There are 2 protein chains.
Amino acid sequence: MNIIVMKFGGTSLATIEHINRASKRVEKECKKSKVIVVLSAMAGVTNSLVDQVSKINSQSDSENDLILSTGEQISIGLMSLILKSRGVRARTWTSWQIPIRTSSDYGMARIESISSDNIIKSFSTYDVAIVAGFQGLSQENRITTLGRGGSDTTAVAIAASFKASQCDIYTDVEGVYTANPSIVPNAKKIDFITYEEMLEMSSLGAKVLQTRSVELAMKHNVIIQVLSSQIDKPGTFVVNEDKKMEKELVSGISFSKDEAKVTISGIPDKPGVSASIFGPLADSNINVDMIVQNVSQDGKNANLTFTLPQSELIKAEKVLENIKKNNIFQTYKTDNKVSKISAIGMGMRSQAGVAKKMFKTLGEKNINILAISTSEIKISVLISEEHTELAVRSLHSTYGLD
Amino acid sequence: MNIIVMKFGGTSLATIEHINRASKRVEKECKKSKVIVVLSAMAGVTNSLVDQVSKINSQSDSENDLILSTGEQISIGLMSLILKSRGVRARTWTSWQIPIRTSSDYGMARIESISSDNIIKSFSTYDVAIVAGFQGLSQENRITTLGRGGSDTTAVAIAASFKASQCDIYTDVEGVYTANPSIVPNAKKIDFITYEEMLEMSSLGAKVLQTRSVELAMKHNVIIQVLSSQIDKPGTFVVNEDKKMEKELVSGISFSKDEAKVTISGIPDKPGVSASIFGPLADSNINVDMIVQNVSQDGKNANLTFTLPQSELIKAEKVLENIKKNNIFQTYKTDNKVSKISAIGMGMRSQAGVAKKMFKTLGEKNINILAISTSEIKISVLISEEHTELAVRSLHSTYGLD
């Protein structure tokens, strides 16, 4: 039995008209294969549910998940009614009907197992199984949710469990681009991208796929296609390295404005001091990213700069105030008008000179680099936020992506 | 273990503020007993879901039920969060978690069984179980709904299954009144009413309790209290006949404007003609109520008048057009500007003169009676809709209810 997975995000389901259009893609595919459709909530629905809940309770709670999961329950029902009205043999599946078993980490649960029996059995009567994304069932038999963007993860996990031949993620763009087209008008759609590159892109600001879904696809070798729900043409395939013939030096440029910078001054230059700062931050679940340490000229005191997600800045400040009380350092200052620009490409592993090119380009544009971090396949720099667009455009051109 | 059931309707849950107020009633009760709370959706939510669904599909379908059931899923989640924020040990229960098993008549399912094990077990950890009303689980493991107002039925069925000592139905009025207070300003709250009287009232237009829930309560001897969620005082108890000491001649006056009248003329006066008219109507699930037959003066042709719910008039007209084609009768006309006024009371069984009083009162007010129907404990008349308020007020006074 050939099975394909088709996932539609909230913007592709924003109105009944949108759902109708998406349903026509499903109708076309179900003539060739059995189809498992995975849906998000209609655009805006989950946000308004979150608003309602957050007025009462801001912490994770199984009741939050019960409430938030209703958005997908509605969208799958509507999609099924539309398909059935056109004679397609479709039916819905909530996570507890399948079931999709998850951990009990309400609000950010991890998928543990997916039973394929019920849906496979249903394919003797139905051609399309419409699954509620973003949610699962805990060991206590309560509804969980997988965190924002979790429907991507549902789709990939289902593709893996059902050994689907395709996992198509329909969205409002035509695929993954070499850069954000709203900033770089001549950004190009990428035809093939490796899991590793996609992972870096997702975690460095490209909002196409949830990071966890890419990790899962890589682990289970699920080929993902990201494509438009509006236009009928091939999108971007996310594949294993060996499936991608040409390895460009740089595949794409991404950026994130959700960064904040913290600079700590007057740190005595002795062992264990870093731990006394980063230890408490880690204990508070604050994700520190780029770290730069400068020893002062007198050799006694050091400065320390690091970045963290802007959303964690207030929490971090509280932790830092506590550390400061113990005289670990003298002062600190924060800056959230910063931006992280990254160049990503498998080709970097075998070719040198990528970093040099980046520094030269930014230097020529008089853009100051505040911090640097690198991995095997990416190089990121922190710059002042006001230079974001200029930097992205310049680098896009420098690496021959125009 | 003493268990009580508290049910709140949509108007008592219209906003977070309303839910908050309702939760305080729950908090108070759960200090004395274990509490099972049954909730409707927040006011307006189910209607807007119905609107969305009916744009695609107007027939009953399991997907409709999946969508419609989300309203209660949200209200129980919010109630639980609010209770927990005040330290009450509460948790939610969807119909599939309990489970509440129903027939597979989607959109109007009937409760078949309720397992008490899971909730009873949970009472070692929790004091309050918050149950989604209006819904159940079919044998196919899919969500069903019980029809509008079904949360009353859920509450009574749960009270019966858990042998609850109380089944309190909280609403936006103080109880059951001798007549609609918006029409009869000096209508009084009834302290005790029998199941039979309540059944007649519900089916004759009083919108306090769903008829099915009263039937169920009568069958299982569940004492219902209808009371206000806003004001803390006793409401109306719906009880067995032997619990009600005084049996008033008439307990209340109700009315329904949702009626339509059909008059068929030129029916040959011979056996089997009635069946050839009412047979096809019954086959189309049209509920005919009052029937009046007049033989014409020449003794050859008869006229037939009957009433039916206004909502079924269009369907009935189609059936009648078909019958007419077979020359069963000559013509028919319809009128939906009619109203049914009923006087209800257990006392009627032992005392005569109720009907006479009604005819005399309406006659004095020059109100023409179009049809009459009676049962052991009620008498209903059909009148022109414009006289509804006058008739209700006059009868309320005639029977000494002012």
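Colleague: Before we zoom in, which domains is chain A divided into? Then please take me through the contact between chain A and chain B.

Modeller: Keep in mind that this is a predicted model: local features need pLDDT of at least 70, side-chain atom pairs count only at pLDDT 80 or more, and totals for chains, interfaces and linings use all residues. Residues are numbered from 1 along each chain as its sequence is written, while chains are lettered from A and ligands numbered from 1 in the order in which they are written.

Chain A splits into domain 1 (3-172) and domain 2 (254-398), with bounds from an automatic or database domain assignment. Taken over C-alpha atoms, the centres of these two domains of chain A are 38 Å apart.

Now the contact. On chain B's side, α3 (62-68) and α4 (70-85) each supply at least two residues, and α4(B) gives the largest share, nine residues. (Helices are DSSP runs of H or I, at least four residues, and strands are runs of E, at least two, numbered from the N terminus.) By class, that side of chain B has 10 nonpolar, nine polar and three charged residues. Here Ala, Val, Leu, Ile, Met, Phe, Trp, Tyr, Cys and Pro are nonpolar, Asp, Glu, Lys and Arg charged, and the others, Gly among them, polar.

How do the copies relate? The same surface serves both copies, with 100% of chain B's contact residues recurring in chain A.

Finally, look at α4 inside chain A. α1(A) (residues 16-29) packs on α4(A) (residues 70-85) at about 60°, axes 9 Å apart. The α1(A) residues involved are I16(A), I19(A), N20(A), S23(A), V26(A) and E27(A), meeting L78(A), M79(A), I82(A) and L83(A) of α4(A). That contact divides into seven nonpolar, two polar and one charged.

Note on methods: Two residues are in contact if their C-beta atoms, placed from the backbone, lie within 7 Å. Axes are lines fitted to C-alpha atoms, for helices over the stretch in contact, and angles run from 0 to 180 degrees between N-to-C directions.
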